[in-house]
Amino acid sequence: MSNDFRLGTLEQLIDFRNGKAIKKTDGGIPIYGGNGVLGYSDKSNYENTLIIGRVGAYCGSVHIKNDKCWVSDNAIAGLPKNGYNNEYNYYLLKSLRLNEQRIGSSQPLLTQGILNNIQVKIQFNPKQQKKIAAVLATLDAKIACNNRINAELEAMAKTLYNYWFVQFDFPFDFAQGRPDANGKPYKFSGGKMVYNSTLKREIPAGWKAMQLNELLQSRTDSITASKVDSGAPYTPIDALPMKKMSFGAAQSSSEANTSLIQYKENDILIGAMRVYFHRVCIAPFDGITRTTIIVLRPNEPNHLPYLYQLCNEDRTINVASKISVGTQQPYVNWESALESHAIPYPENDALVQKYSSMMLSVTKGVINREKENAELAKLRDWLLPMLMNGQVTVA
């Protein structure tokens with residue numbers, strides 16, 4: 001089987017073709033650019049194709065689409081030749097660091113000519129191509145499945161939070177005058193609403209205004225780079241939300257040379273600069289970050305699912321945007337601004353506790369699947385070059 005590996009050029013495997021611009025419509029066929037799906041159309045120009053970023057920041061990125069799609073003019077389509085396996089072609093291109101083959105600086109560009117002439121060790125046996133691709137595709141399929149599950153669970157948790165704490169339609173037993181899992185939606189069913197002068201709006205009777213600092217405490221546990229354990233997870237601000245975090249695999253915190261603070265597992269991390277205000281996550285491990293991230297620790301750890309949704313709520317993010325200071329890089333300060341943000345809070349903790357207990361296993365499941373994905377991605381990336389050059393074979 002090793003004899004099937006030999007030097008060749010990409011044009012022996014793949015027919016590279018130009019994409020074309022198209023206007024978005026209400027159709028169901030995805031329009032692909034270098035950064036993935038740009039929109040949808042009712043027309044297609046390719047099927048069973050690779051999509052390679054042609055220009056700009058995503059020059060050299062690679063996607064695969066087995067169904068019909070439209071490849072836009074900022075990408076190149078790649079069709080399999082001579083019965084070769086397109087999934088194998090996909091992983092081969094992923095292993096080549098195509099971004100390094102680009103030309104130009106102010107406007108990076110990758111051309112069909114460059115792609116056609118890239119010389120690389122290739123497995124030319126279609127059956128072996130299929131086996132190699134199947135190993136890597138299985139790992140990617142599991143990652144994609146975990147992502148779908150997490151997206152659905154995160155949407156469910158957010159929807160329930162919105163019903164209970166934003167729309168005030170938490171389940172309520174009107175006969176007993178208290179929240180109850182089998183009760184009716186409070187506001188929708190005519191539950192009494194009263195005006196709160198602090199919040200300047202109506203909230204359920206018995207609820208009160210509370211400040212964020214009554215529920216969360218900011219942590220500023222500074223540490224110098226020289227005292228950081230080698231390999232400790234370091235989280236730059238653009239690594240939020242959680243699915244983009246390193247899980248220990250990214251830049252070591254000892255490499256950072258700016259102000260560092262420590263965070264603990266189950267702390268809530270919020271991007272403190274305006275462009276990152278929407279980046280909020282629960283820390284899945286102990287780690288290090290910069291002071292451009294606000295580190296918050298729940299006063300009541302059992303309320304973590306509720307407090308995460310509170311910090312990630314649109315109103316909280318909008319407040320952070322409004323009270324930020326600075327021009328070039330607006331920044332929100334916890335102590336002087338965000339900590340005093342007032343929110344409606346139930347008369348007692350029963351409703352918050354109910355929500356949090358229902359969502360705790362969901363939250364842990366999401367974190368565990370993200371950790372599993374990180375390990376699967378690490379295994380895939382470790383196998384990729386060895387499978388592609390024949391160091392590892394598939395029986």
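Me: Why is Asn299 called partly exposed?
Reply: Its relative accessibility is 40%. Buried means under 20% and exposed means over 50%. The value of 40% lies in between, so Asn299 counts as partly exposed. The model is a predicted one.

Me: Where does Asn299 lie?
Reply: Asn299 lies in the loop between β22 and α4.

Me: What makes Asn213 a contact of Asn299?
Reply: Contact means heavy atoms within 4.5 Å. Asn213 is in contact with Asn299, so the two have heavy atoms within that cut-off.

Me: How far is Asn299 from Thr25?
Reply: Their C-alpha atoms are separated by 49 Å. Along the chain they are 274 residues apart.

Me: How do you know that β9 and β11 pair?
Reply: Two strands pair if DSSP finds at least two bridges between them. β9 (residues 171-173) and β11 have 2 bridges, so they pair. The sense is antiparallel. Phe172 stands opposite Lys184 in β11.

Me: Which order do the strands of this open sheet have?
Reply: The order is β10-β9-β11, 3 strands with antiparallel pairing.

Me: Why are β10 and β11 called edge strands?
Reply: β10 (178-179) and β11 (184-185) each pair on one side only.

Me: What makes the residues of the largest nonpolar core a core?
Reply: A nonpolar core is a set of buried residues of listed types, Phe, Ile and Tyr included, joined through side-chain atoms within 4.5 Å. The largest such set has 44 residues. Phe165, Ile268, Tyr306 and Tyr355 have the most contacts inside it. Elements that each supply at least two residues of this core include α3 (126-166), β19 (268-271) and α6 (350-389).

Me: What is Ile268 in contact with, leaving aside its neighbours within four places in sequence?
Reply: Its contacts include Leu216, Val280, Ile294, Leu304 and Cys311.

Me: How many of the residues in the protein chain are buried?
Reply: Buried residues make up 46% of the 395 residues. The chain has 6 helices and 23 strands.

Me: What share of the contacts with a separation of 6 or more joins residues 24 or more positions apart?
Reply: Such residues account for 70% of those contacts.

How values were computed
Residues are numbered from 1 along each chain as its sequence is written. This is a predicted model: local features need pLDDT of at least 70, side-chain atom pairs count only at pLDDT 80 or more; totals for chains, interfaces and linings use all residues. Side-chain values use heavy atoms; hydrogens and water are left out. Helices (H or I, at least four residues) and strands (E, at least two) are DSSP runs, numbered from the N terminus. Buried means under 20% relative accessible area, exposed over 50%, partly exposed in between (1.4 Å probe, protein chains only).
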